[in-house]
Amino acid sequence: PSEVIGCSAYDFYHLDDLSILSVNHKNLMNHGNSATMFYRFLTKGQQWIWMQTHGYVQTNKWTNKPETIICHNVVVSYSKVLEYLHARALEYGPALPRCPAPTPAPLTKLLINSLRYK
């Protein structure tokens, strides 16, 4: 679609998830495959959804250089994210960072606020 031409996938990732997704991207390029943990992705409707991605690098058979990244993306329910975090918290204790619920995108917040004051 024309809306995504010239955009990076990073334009659609939640700010709080960028660092871990960057590490996953580096692992993908270095090792040829990678799977992400749960992350938030911005939809066309300006809402955040939880996703998980499994990807691998397809190399050119003549040059042996990376040519394409193939990804399988799965939408994950927030209850599954909470279930995972609860299991991790039991395993690692309070050192595990909090993972907030998806929040509306800034544009959605602006629209909601502008409707309140009319």
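In strand E3, the residue that forms a bridge with Leu42 is Trp48. This is a predicted model, in which local features need pLDDT of at least 70 and side-chain atom pairs count only at pLDDT 80 or more, while totals for chains, interfaces and linings use all residues. Residues are numbered from 1 along each chain as its sequence is written, and side-chain values use heavy atoms, with hydrogens and water left out. Helices (H or I, at least four residues) and strands (E, at least two) are DSSP runs that are numbered from the N terminus, and two strands are said to pair if DSSP finds at least two bridges between them.

**Strand pairing**

- Strand E2 (residues 39-42) pairs with E3 in the antiparallel sense, and four bridges join them; besides the bridge of Leu42 to Trp48, Arg40 has Trp50 in E3 as its bridge partner.
- Trp50 also has a bridge partner in E4, namely Val76.
- E3 (residues 48-59) runs antiparallel to E1, to which three bridges join it, and within this pairing Asn33 stands opposite Tyr56 of E3.
- Strand E4 (residues 66-76) is likewise antiparallel to E3, with 10 bridges between the two, and Thr68 in E4 is the bridge partner of Gln58.

**Two turns with a positive phi**

- Five residues lie between E2 and E3 in the hairpin that these strands form, and Gln46, located in the loop between them, has a positive phi of about 65° although it is not a glycine.
- Gln46 counts as partly exposed at 24% relative accessibility, where buried means under 20% relative accessible area, exposed means over 50%, and partly exposed lies in between (1.4 Å probe, protein chains only).
- The hairpin of E3 and E4 has six residues between its strands, and Asn64, in the loop between E3 and E4, takes a positive phi of about 60° without being a glycine.
- Asn64 is exposed, with a relative accessible area of 60%.

**Tyr13 and the aromatic rings**

- Rings of Phe, Tyr and Trp (its six-membered ring) are taken as a pair if their centres lie within 6.5 Å, with planes under 30 degrees apart counted as stacked, over 60 as edge-to-face and the rest as tilted, and by this rule the count comes to six aromatic pairs.
- In one of these pairs, Tyr10 and Tyr13 have ring centres 5.3 Å apart and planes at 80°, so the pair is edge-to-face.
- Tyr10 is partly exposed, with a relative accessible area of 29%, whereas Tyr13 is buried, with a relative accessible area of 18%.
- One aromatic cluster is formed by Tyr10, Phe12, Tyr13, Tyr39 and Phe41.
- Tyr13 is placed in the segment before helix H1 (18-31), and although Tyr13 and Arg40 are 27 residues apart in sequence, their C-alpha atoms are 6.0 Å apart in space.
- Leaving aside residues up to four places away in sequence, Tyr13 is in contact (heavy atoms within 4.5 Å) with Leu18, Leu21, Tyr39, Arg40, Phe41 and Trp48.

**Ser34 in strand E1**

- Ser34 is found in strand E1 (residues 33-35), and with 17% relative accessibility Ser34 counts as buried.
- Not counting residues up to four places away in sequence, Ser34 touches Asn24, Asn27, Leu28, Thr53, His54 and Gly55.
- The side chains of Ser34 and Asn24 are joined by a polar contact of 3.3 Å; a polar contact is a pair of N or O atoms within 3.5 Å, where within protein one must be able to donate a hydrogen and the other to accept it, and residues adjacent in sequence count only if both atoms are side-chain atoms.
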